[in-house]
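Subject: Structure handover

Hi,

Here is the structure for you to look over. My notes come after it.

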Amino acid sequence: MNNTKIWLSSPHMGGTERNYVQEAFDTNWVAPLGPNVTGLEQDLESYLGHEAQVGALSSGTAAIHLGLVLLGVQAGDTVLCQSMTFSASANPILYQGAIPVFIDSEDDTWNLCPVALEEAIRSEIEKGKKPKAIIAVHLYGVPYQIEAIRTIADGYGIPILEDSAEALGSSYKGQKCGTFGDIGVLSFNGNKIITTSGGGAIVTPTAALKEKAIFFATQSRDAAPHYQHSEIGYNYRMSNICAGIGRGQMEVLDAHVQLRRDMHDFYVDVFKDIAAVSVFTVPNSDYFANYWLTAILVAPDAAKGIDREALRLALDQANIESRPLWKPMHLQPIFEHYSYYGSKVAETLFENGLCLPSGSNLTDNERIRIKEAVMAFFSKE
Ligand SMILES: *Cc1c(COP(=O)(O)O)cnc(C)c1O
């Protein structure tokens with residue numbers, strides 16, 4: 001039987017990407033910038049709606065960094081950040097010499113807990129420093145509690161940097177993720193919902209902010225015939241070649257979101273009679289998730305030898321990749337000495353959670369292999 005590796009999430013080309021890249025070669029737009037970059041930005045702007053302004057960058061991490069720069073975060077400032085996330089959400093805080101303060105998750109969306117967030121804001125203000133920004137993440141494509149987080153942010157006058165790296169194609173009450181923050185961030189890394197091989201974008205509510213972001217991303221060149229600089233610059237723009245891949249990927253984005261959602265339905269069906277497992281699902285119909293990765297929680301049962309790690313190893317034996325959830329930032333060696341507000345929600349999710357193969361390119365045969373491996377694991381005594 002075919003036993004090739006089943007990946008968590010691998011690139012899935014639609015077919016037309018090559019045409020855009022070929023065109024870039026044919027017209028010698030191999031240098032950075034060019035028509036594909038402008039085209040991808042326009043495609044994203046019309047996809048996101050809500051008058052979003054999009055600047056294509058070299059990565060999602062670069063977009064988060066520039067977002068902090070645009071929000072005026074400086075050395076010594078405090079930035080609140082969801083603890084349960086990929087380290088790329090938090091590292092740019094350190095790039096700026098600012099101080100991260102980590103916040104627990106809540107059980108419904110696995111994202112920022114409003115109660116812990118407000119406690120953190122109050123306590124940091126009491127200590128004498130109002131936080132400069134809130135980094136909120138839509139984990140695995142499930143939107144955070146949009147209204148509750150916005151109410152708190154506005155109540156204290158703190159801007160939201162919306163890390164939508166995993167949530168292109170997700171929405172809340174019909175509005176696309178990426179457009180809820182004072183600044184939004186997208187990623188087109190190789191494992192994301194669409195890919196440009198590597199890339200990202202910054203989403204801003206105004207053309208002026210987009211212009212400023214692009215200014216910073218292209219070495220902060222002042223208007224002069226020579227190279228003149230009065231601000232720190234970065235080399236964060238996307239290349240015209242990468243953007244060509246992105247233009248082709250935009251043509252299949254909605255189809256691929258549907259395929260990821262089909263994978264989620266598949267897992268709901270696989271686990272429907274397995275009491276130890278719950279499949280991470282949106283709390284209600286206001287939320288629309290792209291289900292970038294389908295994640296499950298495994299209730300440990302020592303007597304039966306069942307827990308998240310045992311399931312992961314069993315899948316690995318069958319050459320099926322799965323991965324624990326993001327290890328919370330406040331537990332990471334690089335971040336563990338910073339403040340943390342909340343209890344043990346993120347920690348418990350990390351202990352019991354597992355991400356399963358969720359690519360839009362998984363075949364029927366691969367689904368059968370996954371189902372068989374899961375059934376074999378849970379049928380043992
Ligand atoms: C992937 C990811 C990023 C970083 O995006 P890159 O394009 O890989 O730099 C940031 N935040 C989250 C939550 C991510 O999943």
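Predicted model: local features only at pLDDT ≥ 70, side-chain atom pairs only at ≥ 80, totals over all residues.

Domains and their interface

On the domain 1 side, 46 residues make contact, and they meet 39 residues of domain 2.

How much area do domain 1 and domain 2 bury between them? The figure is about 3800 Å², with 64% of it on carbon and sulfur atoms. Which residues of domain 1 lose the most area to domain 2? They are Phe102, Trp110 and Tyr140, and together they make up 21% of what that side buries.

Now the polar side of the interface. Between domain 1 and domain 2 the count of salt bridges is zero. Polar contacts are there, though: 24 residue pairs across the interface, with both residues at pLDDT 80 or more. Four elements of domain 1 each supply at least two residues of the side that touches domain 2: α4 (91-95), β3 (99-103), α5 (114-126) and β6 (171-172). By class, that side of domain 1 has 23 nonpolar residues, 13 polar and 10 charged.

Ligand

There are 16 residues around the ligand. Those that come nearest are Thr61, Asp163, Glu166, Ser187 and Lys192.

- Glutamate 166: a polar side-chain atom lies 2.6 Å from an oxygen atom of the ligand.
- Serine 187: an N or O atom in the side chain is 2.7 Å from an oxygen atom of the ligand.
- Glycine 199: here a backbone N or O atom lies 3.5 Å from an oxygen atom of the ligand.

Salt bridges

The total comes to 16 salt bridges. One of them joins lysine 173 to glutamate 147, with the closest N and O atoms 2.8 Å apart. Lysine 173 sits in the loop between β6 and β7 (175-176) and glutamate 147 in helix α6 (residues 146-156), so this pair ties together parts that are 26 residues apart in sequence.

Tyrosine 156

Helix α6 also holds tyrosine 156. What does tyrosine 156 contact, leaving aside neighbours within four places in sequence? The list is Glu118, Ile121, Arg122, Ile125 and Lys130. With glutamate 118 there is a polar contact, side chain to side chain, at 2.9 Å. Arginine 323 is another matter: tyrosine 156 and arginine 323 are 37 Å apart in space, C-alpha to C-alpha, and 167 residues apart in sequence.

Best wishes

Technical notes: Residues numbered from 1 in each chain as written. Heavy atoms only, no water. Contact = heavy atoms within 4.5 Å. Buried area = accessible area lost by both parts, 1.4 Å probe. Salt bridge = Lys/Arg side-chain N within 4 Å of Asp/Glu carboxyl O. Polar contact = N/O pair within 3.5 Å; in protein donor to acceptor, adjacent residues only side chain to side chain. Nonpolar A, V, L, I, M, F, W, Y, C, P; charged D, E, K, R; others polar. Near = heavy atom within 4 Å.
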